[in-house]
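Please look over the charged side-chain contacts in the entry below. My notes follow as numbered points.

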Amino acid sequence: TTITSEVVRSRQALLTNNAQFDERYQAGQSIILRGLRAILCAPMMVKDRLIGIIYVDTSMRKGNFTPADRDLMAAVAGQAAVALENARLYSLAVEQGRLMHELQMAREIQQSLLPQHMPTVSGYQMAAYWQAAREVAGDFYDVFALDAERFAVAIADVSDKGAPAAMFMAVARTMIRTLAHTGLSALQTVARTNDMILEDAESGMFVTVYYSVFERGGQSVHVNAGHNPIVIYRSAEKSAFLMPRGGRAIGWFPDNPLTMRELELVPGDLVIFYTDGLTEAENAIGDFFGEERLMKTVVENAHHSAEGVLSAILSAAAAFCGAVAPFDDQTIVVVRYDG
């Protein structure tokens, strides 16, 4: 045992004025060769955590240490430990502040990618909600005009969370919007996005996407790439149902088995897009808000505007969850057709 290892073990300041022959410490050949006689060592403690030691020694000609020297060394070691810990914490605080600033900037950039205004297409109302569970989100939505007669809705959920998911989201959103404006069909837009992401799929992430195109007059087409099925409300029957599931997430496999489904809307019909942050929102006993509650809320509030239906969904989810904070991003888009 050396005096330093004993200090590490005991967390106490120690001294010896006979280092070569002190039976407590088998200090080894180095002490004899160096001619050391007196050794003083004190731990640097922060609460009950050892962050270092202070060590002093003298040769045989320099004299001895006293208990007062030991106590002084212990006091100096304590103050030095506090100073070093404060410096460490300050450095961490500065770094955390920098990271928080960068995340806040990333959130602002991400929000700027969301639609600032809904497109105007005769006969339609649109409303949307987006809320990140963290500083940035893996969810996104986009609503944009294709021409004067048509507009597109895309909603998606990246497999990861945080900054990497936000970056992946931005790439996917840009690809979908860019390809949609080249004149590709809804099915081709999603398929081509899948292919392009797979060309550089080193991140290992993937994204579920629901992409729809609505035309003036009520015609619409819908493509699901592994996403939550949209809710359709039929005003004539005053009932809601889920569109069939279909396809796989984008960026997962080549030759994605996608299907394009056509839907004719009549005045009063609603289409609700959402991510699983809504349907998998939990209450205090671990129950999910679920698709059935979502559809029930839509049916009960279908007479409202798109904004009113959206507000009712958010209120129902908040009442269900109570004080339980959302653990996942939440995104909802409501489209109402009024003819």
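1. Is E199 buried or exposed? E199 is exposed, at 59% relative accessible area, where exposed means over 50%, buried under 20% and partly exposed in between (1.4 Å probe, protein chains only). Its salt-bridge partner is R192, with 3.7 Å between the closest N and O atoms. R192 is partly exposed at 34%.

2. On provenance: the model is predicted, local features need pLDDT of at least 70, side-chain atom pairs count only at pLDDT 80 or more, and totals for chains, interfaces and linings use all residues. Residues are numbered from 1 along each chain as its sequence is written, and side-chain values use heavy atoms, with hydrogens and water left out.

3. A salt bridge here is a side-chain nitrogen of Lys or Arg within 4 Å of a carboxyl oxygen of Asp or Glu. The count under this rule is 13.

4. E149 sits in the loop between β5 (139–145) and β6 (150–158), and R216 in the loop between β7 (207–215) and β8 (219–225), so the pair ties together parts 67 residues apart in sequence. Strands are DSSP runs (E, at least two residues), numbered from the N terminus. Both ends are partly exposed: E149 at 38% and R216 at 45%.

5. In the salt bridge of R336 with D338, the closest N and O atoms are 2.9 Å apart. R336 is buried at 11% relative accessibility, whereas D338 is partly exposed at 34%.

6. R49, E85 and R88 are joined in a network of salt bridges.

Definitions and conventions:
Helices (H or I, at least four residues) and strands (E, at least two) are DSSP runs, numbered from the N terminus.
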